[in-house]
Amino acid sequence: MSVRAILALGSNLGERAGTLAGGVADLVEHPQVRLCDVSPVVQTQPVGGPENQPAYLNMVMEVETELSPEELLAYCQAVEARHHRERIIRWGPRTLDIDIIVYGDVQRDTPELTLPHPRAASRAFVLVPWMLMDPHAELAGQPVRELAAQAEDLDGIEHFDDAQFDDTRFDDAQFADTRFGSSPGQP
């Protein structure tokens, strides 16, 4: 049985844009993971962790998969490892971070995996790219657009312009509307 999942990717070390592009490509190499959609990339300030970290590039992607949540988590961690991810400091700098935000309607709370992701509803660096990819997305019954407008880290989100991630759905006017929680083109 196929399930749709939202994955969040972030990078703040090395060639960030290339790492995100490589992460997306590596994730969909698996025969049981198919790409449905990918968000625009945003640049964000670090949230939590050590001070003076470099800025992150963040994005989300929607996949369809037959992998179980635990298998998908293990696969995401294997892709992180291919990109030299080291788990030394919690919320510290990293070459690639991949989180499962939602896995269908599954709710789970184990030491290894919590679904939906326990902090996603308050993190603009996840919510803004997700909202740009899917303006009608919901997380735990709440519109992602509304959650993004309330996120404390919203002011740290910037448009990232790179040819690898050229996406005409994202423009400054749409992004500005996000800051106020309205839909693009609406007051």
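## Close-up views of a predicted model

**View 1. Leu113 in its loop.** Leu113 is found in the loop that links strand S6 (108–109) to strand S7 (114–115), where strands (E, at least two residues) and helices (H or I, at least four) are DSSP runs numbered from the N terminus. This is a predicted model, in which local features need pLDDT of at least 70 and side-chain atom pairs count only at pLDDT 80 or more, while totals for chains, interfaces and linings use all residues. Residues are numbered from 1 along each chain as its sequence is written, and side-chain values use heavy atoms, with hydrogens and water left out. Leu113 is buried, with a relative accessible area of 7% (buried means under 20%, exposed over 50% and partly exposed in between, for a 1.4 Å probe and protein chains only). Leu113 touches Pro69, Glu70, Leu73, Ile100 and Arg108, residues up to four places away in sequence not being counted; contact means heavy atoms within 4.5 Å. Leu113 and Asp99, 14 residues apart in sequence, are 9.9 Å apart in space from C-alpha to C-alpha.

**View 2. The crossing of helices H1 and H2.** The axes of H1 (residues 16–27) and H2 (residues 69–82) come within 10 Å and cross at roughly 140°; axes are lines fitted to C-alpha atoms, for helices over the stretch in contact, and angles run from 0 to 180 degrees between N-to-C directions. The two helices, H1 and H2, are therefore oblique to each other, a class left for angles that are not under 35 degrees (roughly parallel), over 145 (roughly antiparallel) or 65 to 115 (roughly perpendicular). Gly23, Asp26 and Leu27 of H1 make the contact with Tyr75, Cys76, Val79 and Arg82 of H2.

**View 3. The largest nonpolar core.** Of the 27 residues in this core, Leu7, Leu9, Leu27, Leu72, Ile98 and Ile100 touch the most other members; a nonpolar core is a set of buried Ala, Val, Leu, Ile, Met, Phe, Trp, Tyr and Cys residues joined through side-chain atoms within 4.5 Å. At least two residues of this core come from each of strand S1 (3–11), H1, strand S4 (56–65), H2 and strand S5 (97–103), and H2 gives the most, with five. Not counting residues up to four places away in sequence, Leu9 touches Leu20, Gly23, Val24 and Leu27, among others.

**View 4. Helix H3.** H3 (residues 124–133) is mostly covered, with ten of its ten residues buried, including Phe125, Trp130 and Met133.
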